[in-house]
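This report describes selected features of one protein model. Please consult the sequence and the structure shown below.

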Amino acid sequence: MDRGDGGLLGREHESARIDGLLDDPGGPRLVLVRGEQGVGRSAFLRATGERLRARGTAVHGVDCVPGDARWPLLLALRVVLALREHQPDPEGRRAAEAASAVDRHDEAAMEALLRAALTCRTPVAVLVDDVQYADPGSLAVLRRVDAPGVRMVASCSGLAGPAPDTVVLRPLALPDTTALVARWLGARPDTDLARRVGESTRGLPGAVEAMLTGWTRGDVIRIADGHAFVPSRATEPVLPDDDRFVTALDRLGEPARTVAAALSVLSPLGEPALRLTERCTGLTADAVHDGVRRLAEAGVVDEEPGRPFRLPLTAHTVRERMSPVRRSRLSAAAVEVLWNGTGPDVPAYRADRIADAGSLVDRERAVAELTAAARQSRRGTDDGRVLRWLRAARDLTEHADARDLVLQQYATTAYLACDYPAARAAAESLLRDPGPTLSDLDLQEAACLIVAVAANQRDRPAMARLGTAHWWDVLPVPDLAKVTGRALALCHLSQWRRTADLLRTTEPVWNTGPRARAAPAVFLAMADLGLGRPEPYRRALAFDEAAQLPPGKVYSLAGGMVDNLLTRYDLDAVTTLLTTTGLTVPVLPPLSRFLHHHATGRWDEALESARRLLAGHEIRSTPVADSSVLPARTAAILLARGRVTSALDLVRDAHGPDDTAPHCALHAAEAELLMALGDMTGAERTLRTGLARARDHDQTYGTDELWSLLARLTAQAGRDREAADCLRHLAHLVHRTGTDRTRLLHLLATARVLRAESPDTAHHHLREAVDLARHRGLPFETATTLLTAATEGASPTTALHEAYDVFGRTGAALWRFRTRTALRDAGLTVPDRRQATTENDHLLTTLLTEQLTTRQIAAVLHLTEDAAARRVSRLIARTGTRSRTELVTTSLTVRAGSPRA
């Protein structure tokens, strides 16, 4: 909970109140700090003591522990002993007298000793933590002692008798809880993680720490780019035996513990919960009420009907620590109430109890309700819970045929929840031992699922096996499933010619009806696209048979098509496809939404999606012609914001140690990063590697990006013949593919190559490029084209202001800097010079934080090395730091709080 400035997170008001009470000469001698367990009383007391010490007050702390109440005057004795340094007692006389008073239970003598110990010239504060455990005699003595210059602050979980003044600590609000999670993890939590922690802990700092500790020990939390995520399939942790909330409950003894266990299952039922507790535990009504009373007094349960737990995390722990048999019996009792129509209508609670009840309830009805609840649940929320329901349904299904249908639903749900091992095991089970209830189409889906799992796990050896006929031939499944699964694997391997040959030779197998041919036809069109034949894919975009396909099939195939189109920045075609299929951007798969946000300039939203996808490998995409587009586009955003090293690390990690796939987007992104850093040799090597891999796979798709960059690089190096060769390849691709993106790249590359030799022709190409970019309507693409055209004199310099605004909206700080340079070179005014200075400082700080050398900074900013060094020196002076290291350290400290961190 500690803030960096010595205060406490979310306790500003309470801290100010207690400081006011203690600083007031006429203020109360005793201040009580009250709050429930885990609210942070001890931390608040320590922070108060630190502030008092800073003001010259002598502070002495005394802790009470459970069991102290059995020892009369023990707390008073501890206070006397703690104060000895203010009243020299070399012979230990006062200590001996205090011990004697304790032995005699002499409150009067102890009171006199306390008064003597508290009589001193130095202001003294005595801080007593957990005073609810103290003995009554000491509390009585302490309340009667009123020595000048002495203040006492005591914390307790409830009012321990009358107190002059009380500071109440309440649970943290959600924003402070979120900030606490960020501080604890050293990373910003995403919305779902913050919500789950807030709901389970009710904002109690102690519970927040316990929950995050449990998740961390279980390796559940994923961190990417300074942001923290928890997979939707993750369940809340079970607190260990020595946790404060568990030990507090254990100290209550029986019958409280038995009653608490029953209520952890039954309390959502409301009024019937206590009656069922009597019936299920065998306790008498008096014993149940006695247990409830103790739980309520200890703050474990509320006084509401059913006595729900105050802390959901405690309820979860108690429930999960119960034996399966006991939990099953309690859940069966709850199901009986729910099926009689007298319980609450909460579908998730109902499904939980049915799953736990197992065979103690009607199996057929249980399976029907569990599978229905799983279908109705919203994807991405409590996926772990849904998987548990389906596992229970599978175990409850008595007939193998019906079990296959449940297993099919389980496999799909596990895949969508990114539980890939579970999805893989379920799909393999269906394929190796299919029952008669599974149709050829069902097995075709299972075949696609097992390939998709391998793709998301980035398991290339498994994918290579799935691309062979041998793996499929041993399975007792129809040829439709074998051909479709193998073709999909070959697509993921970028084996476009083998994919096309396989599907063309087996067309009678799969081209038998709309549902059977839907996926193979798209795979064949994709293979043609990879080979540079886009017409079949364009025809597939019409989705003529969409009305005859299940919604799920339309969704998955359309998602893959959207990804392919956005890989080529074809926003118009995406809009048409969404209209045709009736889909909207918010319901698209995560990767598709990311690509759409990137293309439309909504980069903050794009980065938020990218971090989650990269952290949990939650891609869930159908095959695309270039599977590296997620890290490539993310790297492009990071580069535009000055985070060069982070982008380069991301790209190189995405390549993997044994990657030989033709990832054109990834090679293009890496080359742009290296060119920005001034490493032209490395950039050229990367581009030629990408082109060679594409050639090895007979792939032309995406190579236009590589040829365009290579043309720019060779032209800058004065290698005109090689640059002209690159232009010929681009012209061939324009003729072969006919895409606007390729034509735009060709126009820009031609203008760069012909800039010196034929400036008029170059200007003509640039003006045509501007018109084409405006027609395409992609903000960042348009802005970079405008910047290029304006700086080359092919467009009015006023277009620089338009580009400047677009770069500002996307947060492209590096491009904003370059545009400011172009504005000054053109003799135009840079808007809002103060803001411009702030942006320059922020960009330079980012580059330093990325560990760039002065030479690399100069290359990125298009400055001389001396100019870059002067800028760094001025920034260090302006920020009051003494070195680059101190500046970077300060920046990293505050970076997590930035929305564009």
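Leaving aside its neighbours within four places in sequence, with which residues is I857 in contact? I857 touches L844, L847, L848, L852, A868 and V872, where contact means heavy atoms within 4.5 Å. The model is predicted, so local features need pLDDT of at least 70 and side-chain atom pairs count only at pLDDT 80 or more, whereas totals for chains, interfaces and linings use all residues. Residues are numbered from 1 along each chain as its sequence is written, and side-chain values use heavy atoms, with hydrogens and water left out.

I857 is also one of the residues with the most contacts inside the largest nonpolar core, which has 198 residues. A nonpolar core is a set of buried Ala, Val, Leu, Ile, Met, Phe, Trp, Tyr and Cys residues joined through side-chain atoms within 4.5 Å; buried means under 20% relative accessible area, with a 1.4 Å probe and protein chains only. A second, separate core of 42 residues includes L172 and F245.

H227 lies in strand β8 (residues 227-229); strands are DSSP runs of E, at least two residues long, numbered from the N terminus. H227 is buried, because its relative accessible area is 9%. The table lists two distances from its side chain.

| Partner of the H227 side chain | Distance |
|---|---|
| side chain of R611 | 3.3 Å |

The pair H227 and R611 forms a polar contact, which is a pair of N or O atoms within 3.5 Å; within protein, one must be able to donate a hydrogen and the other to accept it, and residues adjacent in sequence count only if both atoms are side-chain atoms.

Notes:
Helix = DSSP H or I, 4+ residues; strand = E, 2+ residues; numbered from the N terminus. Buried < 20%, exposed > 50% of the residue type's maximum accessible area, 1.4 Å probe, protein only.
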